[in-house]
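Thank you all for making the time this morning.

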Amino acid sequence: MNLVVLVLVGLLAGCAGTSVMSVPPGGLPDGEASKAPTYAFVNGRWFDGQGFQATTWYSVQSRLTRQPPQGPVRTVDLSGLFIVPPFGEAHNHNIEGPWNVQSVAERYLKDGVFYVKNPNNVRDFALQIRPAVNLRTSIDATFAHAGLTGPGGHPGPLYEDVLRVGRYEPALGPLERGWFENRAYVVVETEADIEQKWALITSGQPDFVKVYLVHSEDGEVHGTSGRNPRRHGLHPALVPRVVAKAHAAGLQVTAHVETAADFRHAVRAGVDELAHVPGWLVSGADDAERATLTEGDGQLAAARRVRVVTTSVAGRAMPSIGGHHGHGHHEGPASKPNEHRTSSADEPGEQVLKDNLSLLHRAGVPLVIGSDHADTSLAEVLHLHSLGLFDNLTLLKMWCEATPAAIFPTRKIGRFAEGYEASFLALAGNPIEDFSQVQAIRRRFKQGVFLGDSVGSGAASSAAAHQGH
């Protein structure tokens, strides 16, 4: 682990040289906010949740206000640009360690994604990069740390057999098999395990808790998949106890799901969020049938206000390796940020995924944008746009309103309102009329700081996330 320490030292030195200011997950500290310049933003067209209105907003101590402030004011002419809240990414694992955090952050900022949620990560590495995220000049991120699974369950084999060799050892040197247990996943077999390991589960102060439900219909007794003993997860009977413990500690719970049975178990157990829409990982007709949701499933999820992360691109480029799915990467000079393969409705899972998304939307289930493995959530939102399931206004609101609020539920973000954080993107055109305008970002402003027009240069070669978490 010496290499990790050395890389982190270099990272922190670079941060110190640019005088960045650390922001806790709750938002900008009052002391730092008071140092921010006061701005008047004129001639902009601001998103009000339904359309764009010409108005003037001020940034005072990094918060928005319509009240003209006292004292010196810097006037910024937005020249008719279309102003939207910054975008979010509710599921990705690419913010993972000191070796890639800067380039990943640059890539997100370039695409206008300021808020990122990592629902499974190596706890040690996330703690090391805390000084490099939640900054006024970087992305804001939340971490679940190690997810809960059953003996031999996903993502254990993924970390130990695939990522250890193909992803981490090239960066860190040799790692013993088993090194990731209790760092990237925690094995829980009984309710007694939950009690005994709770201090371990919450070590490193995770922002939320992650549980894995994988083909739970195949193992009501043993919690394992009858078809594939290596592709399973936590016994579904244990999830209610995990939820109760987490909620008592003030932590929300996100559940990995693959099938309709997983979906039902998670919702009934009281989880706050589902990390996938069933249908995202389908290899044949049997999988598709198991992933098909019913109207009752949608109604129950809506009644309990369970959020669902779209991850419509998550199943792409995921080769099956030894009974579980490996990780993808976009490293090297041939890489193209946000490159994703489109698919047709006759591919396994595509139609069931579309049907499930449509069903959940009709039922009023809160949907938020997350890709799981793409370079940023831009790939996810563009793919959703290509499916034709949502109009442009709905997609925009999911990406810039619902998703940031899901990642940081206690912060005043995702809207332009009195006292909300002074963060926005300025687009060249109206994304409600032409959704491609979400890529035409002309200015980025985060918590009272202009990020400049060259954000993200050199970020194309950074690693993408591990997949299927």
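This is a predicted model: local features need pLDDT of at least 70, side-chain atom pairs count only at pLDDT 80 or more; totals for chains, interfaces and linings use all residues.

**Salt bridges and their surroundings**

Let me start with Arg241, which forms a salt bridge with Glu195, the closest N and O atoms being 2.8 Å apart; by salt bridge I mean a side-chain nitrogen of Lys or Arg within 4 Å of a carboxyl oxygen of Asp or Glu. Arg241 lies in helix H7 (residues 239-248) and Glu195 in helix H6 (residues 191-201), so this pair ties together parts that are 46 residues apart in sequence. Helices here are DSSP runs of H or I with at least four residues, strands are runs of E with at least two, and both are numbered from the N terminus.

Residues are numbered from 1 along each chain as its sequence is written, and side-chain values use heavy atoms, with hydrogens and water left out.

How exposed are the two partners? Arg241 is partly exposed, with a relative accessible area of 31%, and Glu195 is also partly exposed, at 37%; the terms are buried for under 20% relative accessible area, exposed for over 50%, and partly exposed in between, using a 1.4 Å probe and protein chains only.

A second pair is Arg264 and Asp297, whose side chains meet in a salt bridge at 2.8 Å, N to O. Arg264 sits in helix H8 (residues 260-269) and Asp297 in helix H10 (residues 295-303), so parts that are 33 residues apart in sequence are tied together by this pair. Here Arg264 is partly exposed, with a relative accessible area of 24%, whereas Asp297 is buried, at 7%.

Glu169 and Arg164 also meet through their side chains in a salt bridge, at 3.5 Å from N to O. Glu169 counts as partly exposed at 22% relative accessibility, while Arg164 is buried, with a relative accessible area of 14%.

There is also a network of salt bridges that links Asp140, Arg411, Glu421 and Lys446, and the structure holds 18 salt bridges.

Turning to the chain as a whole, the protein has 13 helices and 20 strands, and of its 469 residues, 59% count as buried. If we take contacts, meaning heavy atoms within 4.5 Å, between residues at least 6 apart in sequence, then 78% of them join residues at least 24 apart.
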